[in-house]
Amino acid sequence: MSIFDKFRGVEQRLAELQAEGGRNPFSVVIERPLSSTVGIIEGRETLLFGTNNYLGLSQSPRAIEAAVKAVKARGVGTTGSRIANGTQSLHEQLEQRIASFFHQKHCMVFSTGYQANLGMISTLAGKGDYLLLDADSHASIYDASRLGHAQVIRFRHNDPDDLHKRLNRIKDEPGAKLVVVEGIYSMTGNVVPMAEMAAVKRETGSTLLVDEAHSFGVLGPNGRGVAEAAGVEDDVDFIVGTFSKSLGTVGGYCVSRHPELELVRLHCRPYMFTASLPPEVIAATMAALDDMEAQPELRTRLMDNAARFHAGLNRLGLTTGKTVSPVVGVVLETIPEAIMLWNTLLSLGLYVNLSLPPATPDHHPLLRCSVMATHTSEQIDRAVEIFGEAMARLPASA
Amino acid sequence: MSETVQDVSALIINKLLANPKVPRDINGSSKIVEDLAFDSLAVMNFVMEIEDELDVSVPLDRLAEIRTIDDLAECIVSLKKGG
């Protein structure tokens, strides 16, 4: 019995995947980006439709300039945790900037978005409390449920009535109830019915945390996310999100009106026991936020592009989620079909994400695409065209 | 309504047999992951169906201790009694 025996199943699946399509879908290398929308993969110019870089700000000249200035002035890292030597004035500035953007009083910045969910959820829902999770929650939320000590109850995906029913079952239990939803679900692009979820929160007296990872900068008149779009920001106790999508950098945050967020800093292990964000990332993040605020038209262009891409794929007869959002999950029937299609797309110069069960919600494989504000109409149309060409090349049996 | 472990176990087996992919010879001591070839997501989704039928929520941490159909039935009966 070897310590590695538990990995043999995945090793075999990976070998089968490669046998079916030739590539390891988990080891795609973007040799270098040429712009926010085009990168070199396997030596070829490839259209990027799977980077979550919704506003294209990973290549923002203002953010690049800010990062260079910061790195020259402050060096490349902090070498410490936020609660020890890892807090510089820039960290406090970023927290104030993010809090003020969301019209909230308090903000904690984390080193990644994953850690923001892991830390906030595992710390808030303690022993004797209840954590209510959407069935299709992101891995960071499930991992938080394992790190913490609360009793964990799943409710049906995007189903406020089901959440209400499950909260009712535990209404006489003494513990606090923390409900966690996501603004846009990362695999399917489904948008949470936020107004209805907020109503359940009000009726049941529970606490509500929204992960706006994929909806920050994307939804709402000012890009504050799904809670702003639904007009229910006052009902949300905690907003968690990431800088690694719309802002194009890395890092996570939690904002709240509750002053107790300051106490969470002293209880939250994924915040306390890791190095803080380096100065250049903070400077770039603040500059990207300036860009986002200065160019609200990026959001309009993003949604127009999403609608164009979504409609184009539907015209080809492909199955996608019903809601138009910048995340477009193409649902396929079989894993071999998904693998062949994904490989052909990449060979034809289109990069999307291959997502296989059980990482997908209902045992169907997905080709997960993400649209950007910086895609041109021609790039969107070309991506749809490549989908059409790739489907035509599929053998009839797939 | 007070179901016994046998009642709940029978209900679970009936529900499982409605799925044509599940082996026909399952019983209370069948192991959910090994014998039914369910992955973690399939187990959680199946338990959700049982929860609705019996108006009970099985917390995920309790689910981690469950191996067989009878274990799941015992857990549900104990939760319904307030445990």
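In the predicted model, 18 residues of domain 1 of chain A are in contact with 14 residues of domain 2 of chain A, two residues being in contact if their C-beta atoms, placed from the backbone, lie within 7 Å. On the side of domain 1 of chain A that touches domain 2, α12 (297-315), β11 (327-331) and β14 (366-370) of chain A each supply at least two residues. Helices (H or I, at least four residues) and strands (E, at least two) are DSSP runs, numbered from the N terminus. Domain 1 comprises 8-48 + 296-393 of chain A, and domain 2 comprises 59-294; the bounds come from an automatic or database domain assignment. Taken over C-alpha atoms, the centres of the two domains of chain A are separated by 27 Å.

Residues are numbered from 1 along each chain as its sequence is written, while chains are lettered from A and ligands numbered from 1 in the order in which they are written. Because the model is predicted, local features need pLDDT of at least 70 and side-chain atom pairs count only at pLDDT 80 or more, whereas totals for chains, interfaces and linings use all residues.

The largest nonpolar core has 118 residues. A nonpolar core is a set of buried Ala, Val, Leu, Ile, Met, Phe, Trp, Tyr and Cys residues joined through C-beta atoms within 7 Å. A residue is buried if 20 or more other C-beta atoms lie within 10 Å of its own, exposed if 12 or fewer, and partly exposed in between, with C-beta atoms placed from the backbone. The residues with the most contacts inside the largest core are A:Ile121, A:Leu131, A:Leu132, A:Val180, A:Cys254 and A:Leu367. Helix α11 (residues 279-294) of chain A gives the most to this core, 9 residues, and at least three residues come from each of domain 1 and domain 2 of chain A. Not counting residues up to four places away in sequence, the residues touched by A:Leu132 include A:Ile153, A:Phe155, A:Leu163 and A:Val180. A second, separate core of 14 residues includes B:Leu54, B:Val58, B:Ala73 and B:Ile76.

In chain A, 4 strands form an open sheet of mixed pairing in the order β1-β2-β3-β12, where two strands pair if DSSP finds at least two bridges between them. The edge strands β1 (32-33) and β12 (350-351) of chain A each pair on one side only. Strands β2 (residues 38-41) and β3 (residues 44-48) of chain A run antiparallel and are joined by 4 bridges; A:Arg44 in β3(A) is the bridge partner of A:Ile41.

The contact between the chains takes 9 residues from chain B and 10 residues from chain A. On the chain B side, α2 and α3 are the elements that give two or more residues, and α2(B) provides the largest share, 4 residues.

Helix α2 (residues 40-54) of chain B has 15 residues and reaches 21 Å from its first C-alpha to its last, close to the 21 Å expected at 1.5 Å a residue, the expected span being 1.5 Å times one less than the number of residues. In α2(B), B:Val47, B:Glu51 and B:Leu54 are buried. The buried residues of α2(B) fall within an arc of 75° seen down the axis, so they line one face of the helix; the arc is that of the directions from the helix axis to the C-beta atoms. Their cover includes α1 (5-17), α3 (60-63) and α4 (69-80) of chain B.
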